[in-house]
Protein chains: 2
Amino acid sequence: MQQVSIKDIARAANVSHPTVSRALSHSPLVKGETAERIRQIAASMGYRPSAIARSLATKKTRTIGVVVTSIADPFIADVVSGIEETANDHGYSVFLANSNANPDREVKVVHSFHERRVDGIIVTASRVGALYVPLLSGLKVPIVLINNQHPDEPDEFIYSVMIDNIKASTQVMKHLIGLGHRRIAYIGDQAGFQSDTERFAGYRQALAFAGYPFLPELVVHGDGKPEGGRQAMEKLLALPMHPTAVFCYNDMSALGALRALYRHGIKVPDDISLVGFDDLSIASYTSPLLTTVSQPKQQMGRMAMETMLKLLSGVDTKANIKVEGELIIRESTAPPKA
Amino acid sequence: MQQVSIKDIARAANVSHPTVSRALSHSPLVKGETAERIRQIAASMGYRPSAIARSLATKKTRTIGVVVTSIADPFIADVVSGIEETANDHGYSVFLANSNANPDREVKVVHSFHERRVDGIIVTASRVGALYVPLLSGLKVPIVLINNQHPDEPDEFIYSVMIDNIKASTQVMKHLIGLGHRRIAYIGDQAGFQSDTERFAGYRQALAFAGYPFLPELVVHGDGKPEGGRQAMEKLLALPMHPTAVFCYNDMSALGALRALYRHGIKVPDDISLVGFDDLSIASYTSPLLTTVSQPKQQMGRMAMETMLKLLSGVDTKANIKVEGELIIRESTAPPKA
DNA sequence: CAATCTTTTGAACACGTGTGCATCCTCTTC
DNA sequence: GAAGAGGATGCACACGTGTTCAAAAGATTG
């Protein structure tokens, strides 16, 4: 268990420990010849510098905290994968913490990150509580939000990477309207989630633009997961007049909706068209294949981490990065029945 | 950015910093009255102890490293979720690292964990390279493997949590054989993965037990992901005589297989029965619903972390924990056509 | 009241690394 | 050959916490 330290190396090389420190960091202050000798001794002793001690001395931990609502959410897992990859490539390590959308846990996580002295924090949560952001920004550490812009006044520490929800959602609607649909339903997430609000806004805008009426009974709310999507679809199917197309807040909801339709013997897309959002990998393995909006999930994670790296190195960068979604037309959408 | 330290508190409370240290850790050595006063001052100053400095002094980081092949794999994400939850509950933080099954990255990750002086390492990888384990155990830190037993001689530092693959796979086969199937195919993962080898062993054992012949042409290999499953199923469908049932190494493979069957207009389960493994959440949202083996994924993560906690506190514990899978019969299996 | 014991506190050091400054050595230059 | 310049190295300290040991203060006993 006893690790070799630079002092051990210093003793073995017959020099002082600062010289070892400098040799290992390739400082020009130490003679090339002895530096090389020291490096060889260090390697032969299997030396690994202590990031702990280094952090204490330099006040940088090369560590970032990543808070997610749940890593079991496939969308989030993809984003985190992009974050981790980029972080690792630049010598950073990531602390992962699930909040489970539980306020107590959120507070606990922030304290934990604070005590560990992370250099920055990336948040991927469907909802960022009003109380949460002040708590985070109290750490005086750069923060990057993914798919959640900071609601209040611009804060010098808070940055974001998000998809252009309104644009993407408008595209979805144009596609459905272009196919001839008029009675288009929207299955949303729980109220108060920014991405839901924006996608819904795109839905309404497109309806208005096409001159179609907005029918409140065609808007129902799920929970962003299959079960909620299934229940929401059941409500729609209980209506005296079914919609001819359904736009779901995300693929998970669409999955549940698909299930409900299947049980009722309603054919997709013959009887009802269905659209999701996210392009999870499952979307290309449902029957029928799901028409959806592709978000560059891993890339968004990478961009968030790259933004973080810029912030940490003092390079200035765009505060709010918007990426575009891409409509992926598969098999779950078709013209309505005549 | 300048954090408050115990010295700042000491100055404010007019005591020495060791007294503050003791007061905050509720040491009986300091007078209750002054301890209370110090704690109040600390709270009012928003003090958060530096885990860095504490780690340096105590030589424990209360940190564990988690290596996964890819966090984007839904099975792994569930396991990690269980690990993280338990870790967090006990004041531990987790470093997450993806290896992408890339040897270079694996080495890099181990070095990174070493330098960060993690207290322990949990590995969730479908494959643990022969070279990898010695590298890991070189850190002299407890290691817990999930669904991957250490192949070589027992190592005092290496523990594992895994599902009883042979038993589960035998159950699957009994189910299929009980339905009347004889031509049962197996879609495996890439060669050399322990869980694949074991599930395949169960497949053969059950065939032998039933007195049915083992037909090598009915065994094909995918990659554990949908695309590999699809291709494997295509190979099976190219055979002069189709199998009547297909047992897939995991749900992801089954998803791809399902897709291939759908494209060929082959009905599941009417024409061919299909079984997966893992019970990913999607398995209950495919059409038809997938018959599969449920692994207690989150619980396995929790058990791995609990084992780790015991190892770290010196409590001795079982070296190899086996959990049981549960056959979940849904809609994708039925008797073969007469 | 003195001596002893107990409680409470502070001084000093350790953990492993990085860095400003002083020192020593070597080489150059007049 | 002496003075100065410059390169190489070591000393001392800092980072924030925990811990051992000694000292001081207070309590107890004869």
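Start by selecting helix H12 of chain A and colouring its buried residues: Lys297(A), Met300(A), Gly301(A), Arg302(A), Met303(A), Ala304(A), Met305(A), Thr307(A), Met308(A) and Leu309(A). Keep in mind as you look around that this is a predicted model.

What covers those buried residues? Show strands E1 (63-68), E3 (120-124), E4 (143-146), E5 (158-163) and E11 (320-323) of chain A along with helix H5 (74-89) of that chain, as these are among the elements that cover them. Next, try the distance tool on the end C-alpha atoms of H12(A), which are 23 Å apart. With 16 residues at 1.5 Å a residue, the helix should span 22 Å, so the two values agree. Just after H12(A), click on Gly314(A), where phi is positive, about 85 degrees.

**Next stop: strand E6 of chain A**

Select residues 184-188 of chain A. Five of the five residues of this strand, E6(A), are buried, so the strand is largely enclosed by the rest of the structure.

Strand E8 (residues 245-248) of chain A runs parallel to E6(A) and is joined to it by four bridges. One pair to pick out is Ile184(A) with its bridge partner Ala245(A). Strand E7 (residues 219-221) of chain A is also parallel to E6(A), with three bridges between them. Here, look for Ile187(A) opposite Val220(A).

**Where the two chains meet**

How many residues of chain B are in contact with chain A? There are 42, and they touch 42 residues of chain A. On the chain B side, two or more residues come from each of H4, helix H5 (74-89), strand E2 (93-98), helix H6 (103-115) and helix H11 (251-263). H5(B) gives the most, with eight residues. Coloured by class, the chain B side shows 20 nonpolar, 13 polar and nine charged residues.

Then zoom in on strand E2 (residues 93-98) of chain A and E2(B), which pair in the antiparallel sense over three bridges. Within this pairing, Val94(A) has Leu96(B) as its bridge partner.

**On to the DNA**

Select DNA strand C and the 26 residues around it; Ser5(A), Pro18(A), Ser21(A), Ala53(A) and Ala57(A) come nearest. Helices H1 (6-13), H2 and H4 of chain A, together with H2 and H4 of chain B, each give two or more residues to this surface. H4(A) has the largest share, five residues.

Switch to DNA strand D, which also has 26 residues around it, and find the nearest: Ser16(A), Ser5(B), Pro18(B), Ala53(B) and Ala57(B). Which helix supplies the largest share of the surface near DNA strand D? H4(B) does, with five residues. By class, this surface has 12 nonpolar, 10 polar and four charged residues.

**Last stop: helix H2 of chain B**

Finish with H2(B), where Thr19(B), Val20(B) and Ala23(B) are buried. These residues lie on the same side of H2(B), because they cover an arc of only 100 degrees around the axis. Show H1 and helix H3 (32-44) of chain B to see what the buried residues of H2(B) pack against. Just after H2(B), His26(B) has a positive phi of about 55 degrees.

Conventions
Residues numbered from 1 in each chain as written. Chains lettered and ligands numbered in written order. Predicted model: local features only at pLDDT ≥ 70, side-chain atom pairs only at ≥ 80, totals over all residues. Near = placed C-beta within 6 Å. Nonpolar A, V, L, I, M, F, W, Y, C, P; charged D, E, K, R; others polar. Expected span 1.5 Å × (residues − 1). Buried ≥ 20, exposed ≤ 12 C-beta atoms within 10 Å, placed from the backbone. Contact = placed C-beta atoms within 7 Å. Pairing = 2+ DSSP bridges. Arc of directions from axis to C-beta.
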